[in-house]
Protein chains: 2
Amino acid sequence: MSAWRGDLAAADEAWRIQPVDRSLEPALRARIDGKAKPPGSLGRIEDLAVRLGLIRNRLDPKVESAVLFVFAGDHGLTAEGVSRYPASVTAAMVETFLAGRASVNAFASAANVEVRVVDAGVAADLPLHPKLVSAKIRAGTRNCAREPAMTLTETQDALRRGRDLVAGAIRDGADVITIGEMGIGNTASAALIMHRLAPAPLDACIGSGAGQDEAGLRRKIDAIHRAAARTAATTPAEVLAEFGGCEIAMMAGAVLGAAEQRRPAVIDGFIAGAAALAAVRLAPAALDYCVFAHRSAERGHARLLQTLGAEPLLDLGLRLGEGTGAVLAVPLLRAAARLLTDVADLSDVLPRTP
Amino acid sequence: MSAWRGDLAAADEAWRIQPVDRSLEPALRARIDGKAKPPGSLGRIEDLAVRLGLIRNRLDPKVESAVLFVFAGDHGLTAEGVSRYPASVTAAMVETFLAGRASVNAFASAANVEVRVVDAGVAADLPLHPKLVSAKIRAGTRNCAREPAMTLTETQDALRRGRDLVAGAIRDGADVITIGEMGIGNTASAALIMHRLAPAPLDACIGSGAGQDEAGLRRKIDAIHRAAARTAATTPAEVLAEFGGCEIAMMAGAVLGAAEQRRPAVIDGFIAGAAALAAVRLAPAALDYCVFAHRSAERGHARLLQTLGAEPLLDLGLRLGEGTGAVLAVPLLRAAARLLTDVADLSDVLPRTP
């Protein structure tokens, strides 16, 4: 194991991420402008096509096969009553994903995306299942209102496992990696990560998550403030370790893994967005590979997107997570790539003038 | 042929369109709220699921098989220089659709939508092709700056053929009808239709279409104003006849046909939107069946959507037409329907409390 210290410089060195080569952009724009359509008439799909070309570093990027990783983990902070749901719902939802009966299964099926479920840190023994990837870092994080959620070693392991899972999917033929999560209590961790890494005032990062009554929201705000007061950590690996969770760190690793392999990483909502933020703070060039799928209704997400300079593709008031918004964006990526690869040039179509 | 006079009351009678039965909405909402997810957490997809349930009048609507009709027609008004492209581009693009090499083919393939191309009124003899539906009303409309674009009989034929094509697709198994178009010069007709039927000030309805320089835009505005000054028509059939085109009237018929058959009609951009407006003015209940796919960058479209009380699903700066925006919305419809049909109830998922 290499010396990995968790600080920005060392972690950045460990990730072999090249920024995209923007010198290809004029050729991509020219190719799109030469297509059989008025210049600019496909708006943001044209911009997306350019991004996909830059990510793949070619004029004919293939973006067909899409894999969604749903990273699941539990949070010790739920002991403070931060969620309306009991922590056991995380494991119950993992079983629902495996049974193909969750919202994200329905959406992924509608968008032709393969779902892989990852036990990043669920606080229960999950049954063996052919679709379940066991990558458990620990059985739920520690309560970050009282102590660090994870050790730095656990955090490092989570980052690496996220990277390795993505590398494996790409070896198997995935053109695009889609990233979602499940973890009761994880909007609290995401808020703390955003607070430290955006950075942004803590209260601007806290929302009602899966839905909270007034007393529940007060408990959540109080627990988050106690966690923030406990540590001054600001480097990305330390922030992930302090606040968790296993699934957020593993998502950050997945983003970095997609960037290493020059594949688009489609980021779901607020929690996946916080993971992408951590990835970008670990290796700034990773941002070039992130496609932000949608603007979540969760408070904090719009600001998080602004921090990253991201304009998401969809704005549908989603706030479920699981990857539901991310998979809905996949057909837009496919359409954008096909604009480059499948559409005739105007010169082939226009009636010739003698 | 029945006595069909082209006025609102008579035309409305001819269309057997029932408004949706809103008494089903509470049961649809309850079904969605009972799913294994926080209530309301799928935002506009939940609203879309309710609409699909109402359209199909059932709690388990099936929305899988989607057909896009691309209605093509030429416009006599192009003689006034309203477009940057020659009218012959309409026929050239029809051949590109048939070859599977236009933007909409690429997008439809990405969204798993079947494309059917309809010659509604192209000003050229098109080759026989298994994917080309010949429904030609006339070889291009007359120049509406000088005379009515179509007769009322031609308009009536176009409406009926649009309806019949949709009825046939639904008999063949289509769950959702997607509506797009191709016709050099047709943003001018759409502007005139919107002006009379919204109604809205003429200049608020005129945009640069496929892209125009300043002189071209002045010619377009002038020609549109002459067409508007020529006739005071305000009933929907007369407005369609006066301003054309064949493809817009046939799209209006397609919308009405989908509504008659209680299937969702997914409306593309500005021109398809003007056709939907005409359909809704012919039979107001048709609005219940329209799903507006996206907000086009064409000037006038945002106001047209407001007139119809529609909030589109996507906002991607598209202004191409062909159905490109409509097909991109189809996966959202599929996801919404599958939320109702495929997702487990929370009560099946939550750990039982004794």
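Start by selecting A:Asp119, which is buried with a relative accessible area of 3% (buried means under 20% relative accessible area, exposed over 50% and partly exposed in between, with a 1.4 Å probe and protein chains only). Keep in mind that this is a predicted model, where local features need pLDDT of at least 70, side-chain atom pairs count only at pLDDT 80 or more, and totals for chains, interfaces and linings use all residues. Residues are numbered from 1 along each chain as its sequence is written, chains are lettered from A and ligands numbered from 1 in the order in which they are written, and side-chain values use heavy atoms, with hydrogens and water left out.

A:Asp119 lies in strand β2 (residues 114-121) of chain A and A:Lys136 in the loop between β3 (132-134) and α6 (152-171), so the pair ties together parts that are 17 residues apart in sequence. Helices (H or I, at least four residues) and strands (E, at least two) are DSSP runs, numbered from the N terminus. A:Lys136 is partly exposed, at 26% relative accessibility.

Next, select A:Glu64 and A:Arg338. Their side chains meet in a salt bridge at 2.8 Å, N to O. How many residues apart in sequence are the parts that this pair ties together? The answer is 274, because A:Glu64 lies in the loop between α3 and β1 of chain A and A:Arg338 in helix α13 of chain A. A:Glu64 is partly exposed at 26% relative accessibility, whereas A:Arg338 counts as buried at 16%.

Move on to A:Arg295 and A:Asp315, whose side chains form a salt bridge at 3.0 Å, N to O. Look for A:Arg295 in the loop between β6 (290-292) and α12 (301-307) of chain A, and for A:Asp315 in the loop between α12 and α13 of chain A; the pair ties together parts that are 20 residues apart in sequence. A:Arg295 is partly exposed, with a relative accessible area of 23%, and A:Asp315 is partly exposed too, at 42%.

For a group of four, select A:Glu80, A:Arg146, A:Asp222 and A:Arg226, which are linked in a network of salt bridges. Over all chains, a search of the whole structure finds 44 salt bridges.

**Backbone stops**

Most residues other than glycine have a negative phi, and most peptide bonds are trans. Here are some exceptions to click on.

- Show the peptide bond from A:Ala198 to A:Pro199: it is cis, with omega near -20°. A:Pro199 sits in the loop between α7 (186-197) and α8 (214-230) of chain A.
- Go to A:Gly244 and A:Gly245, where the peptide bond is cis with omega near -5°. A:Gly245 is in the loop between α9 (236-243) and α10 (246-260) of chain A.
- Pick A:Asn57, which has a positive phi of about 55° although it is not a glycine. A:Asn57 is in the loop between α3 and β1 (66-73) of chain A and is partly exposed at 39% relative accessibility.
- Then pick B:Asn57, which has a positive phi of about 55°. B:Asn57 is in the loop between α3 (43-56) and β1 (66-73) of chain B, and is partly exposed at 39% relative accessibility.

**A stop inside chain B**

Select B:Ala276 in helix α12 (residues 270-282) of chain B. Is B:Ala276 buried or exposed? B:Ala276 counts as buried, at 0% relative accessibility. Leaving aside its neighbours within four places in sequence, B:Ala276 is in contact (heavy atoms within 4.5 Å) with B:Val255, B:Ile267, B:Cys290 and B:Phe292.

**Where the chains meet**

Finally, colour the two chains separately. In contact are 50 residues of chain A and 48 residues of chain B. Together the chains bury about 4,200 Å², 68% of it on carbon and sulfur atoms (buried area is the accessible area, with a 1.4 Å probe, that two parts lose on being put together, summed over both). Across this interface the rule finds 0 salt bridges.
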